[in-house]
Number of protein chains: 2
Amino acid sequence: MKIDKSLMTGSTTMLILKLLENSDMYGYQMIEELERRSQNIFTLKAGTLYPLLHTLEQQNVIESYDAEVETVRPRKYYRLTKYGKKLLDEKKIEWNAYSSAVNRVLGGVGYDGI
Amino acid sequence: MKIDKSLMTGSTTMLILKLLENSDMYGYQMIEELERRSQNIFTLKAGTLYPLLHTLEQQNVIESYDAEVETVRPRKYYRLTKYGKKLLDEKKIEWNAYSSAVNRVLGGVGYDGI
DNA sequence: TATTATATATAGATGATCGATATATCGTCA
DNA sequence: TGACGATATATCGATCATCTATATATAATA
């Protein structure tokens, strides 16, 4: 299944933060991990991710550090800040409200909450 | 609940088409109906809707006609074309794939489809 | 009579994502 | 050995969807 990219808009940040909730990750790893967990529905592009990571770091949502153990290649790991955890929780709630609303509209004529 | 508008991106067309699946409607009515059915989550702006309707008509997804019965004010009604119905079905499938994938990522660590 | 709701329309701004491109290293295969 | 694909990060400009602001016109309401 190939998803129209415009659907992704708005949920990308939440998904990235969710990945970091479980464990610290570096950019390239996020792309692969997101692809794996979504079963190839999400193929986040590097040109989308790296600028987004920089923005989130500036906004104090995530923070980066260089790989501590020696790796084959230089990697920048990211972790959630306390504010980032809070933001993730908010975005989950927002997602649930949004997807419920879509399903409500799709569900039928929807008169009076039925 | 106030939704980040960027979440809307990509699903607006599907929601409009869904409204028209049940009955023909004019633009202003769609805005109100969408608001009602989504319980105020979606507040589609006129500046978004009218250009979108024109585009969808050009693409033969919907077609318009003037109100047949006399109305207080001139109204342009829209109906789904055959192609529009097909497109709606496709977009529903796409939405399900997308929202399932998001929920899969949100659901947990997600190793091996668990 | 002024304001709000109804009804449609368009122009320009904003913001998220992508494609293209760049750099550098590593592993593999011919 | 040399080319290529995978790994890893980065930036620029393009694209596309939505919004804000603005415009027009009439009906209802205060």
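These legends describe close-up views of a predicted model with chains A and B.

**View 1. The interface between chain A and chain B.** Contacts join 42 residues of chain A to 41 residues of chain B. Together the two chains bury about 3,700 Å². Carbon and sulfur atoms account for 67% of that area. On the chain A side, A:Trp95, A:Tyr98 and A:Val105 lose the most area to chain B. These three residues together make up 19% of what that side buries.

**View 2. Polar pairs across the interface.** Between chain A and chain B, 12 residue pairs are in polar contact, with both residues at pLDDT 80 or more. The salt-bridge count between the two chains is zero.

**View 3. Helices on the chain A side.** Four elements of chain A each give two or more residues to the side that touches chain B: helix H1 (5-8), helix H2 (12-22), helix H3 (27-37) and helix H5 (82-107). H5(A) supplies the largest share, 13 residues. By residue class, this side of chain A holds 20 nonpolar, 12 polar and 10 charged residues.

**View 4. B:Phe42 and the largest nonpolar core.** The largest nonpolar core has 66 residues. Within this core, A:Phe42 and B:Phe42 touch the most other members. Leaving aside residues up to four places away in sequence, B:Phe42 touches residues of both chains. From chain A come A:Tyr98, A:Ala101, A:Val102 and A:Val105. From chain B come B:Met8, B:Leu15, B:Leu34 and B:Glu35. Two of these partners, A:Tyr98 and A:Val105, are also among the chain A residues that lose the most area to chain B.

Methods: Residues numbered from 1 in each chain as written. Chains lettered and ligands numbered in written order. Predicted model: local features only at pLDDT ≥ 70, side-chain atom pairs only at ≥ 80, totals over all residues. Heavy atoms only, no water. Core = buried A, V, L, I, M, F, W, Y, C linked by side-chain atoms within 4.5 Å. Buried < 20%, exposed > 50% of the residue type's maximum accessible area, 1.4 Å probe, protein only. Contact = heavy atoms within 4.5 Å. Buried area = accessible area lost by both parts, 1.4 Å probe. Salt bridge = Lys/Arg side-chain N within 4 Å of Asp/Glu carboxyl O. Polar contact = N/O pair within 3.5 Å; in protein donor to acceptor, adjacent residues only side chain to side chain. Nonpolar A, V, L, I, M, F, W, Y, C, P; charged D, E, K, R; others polar.
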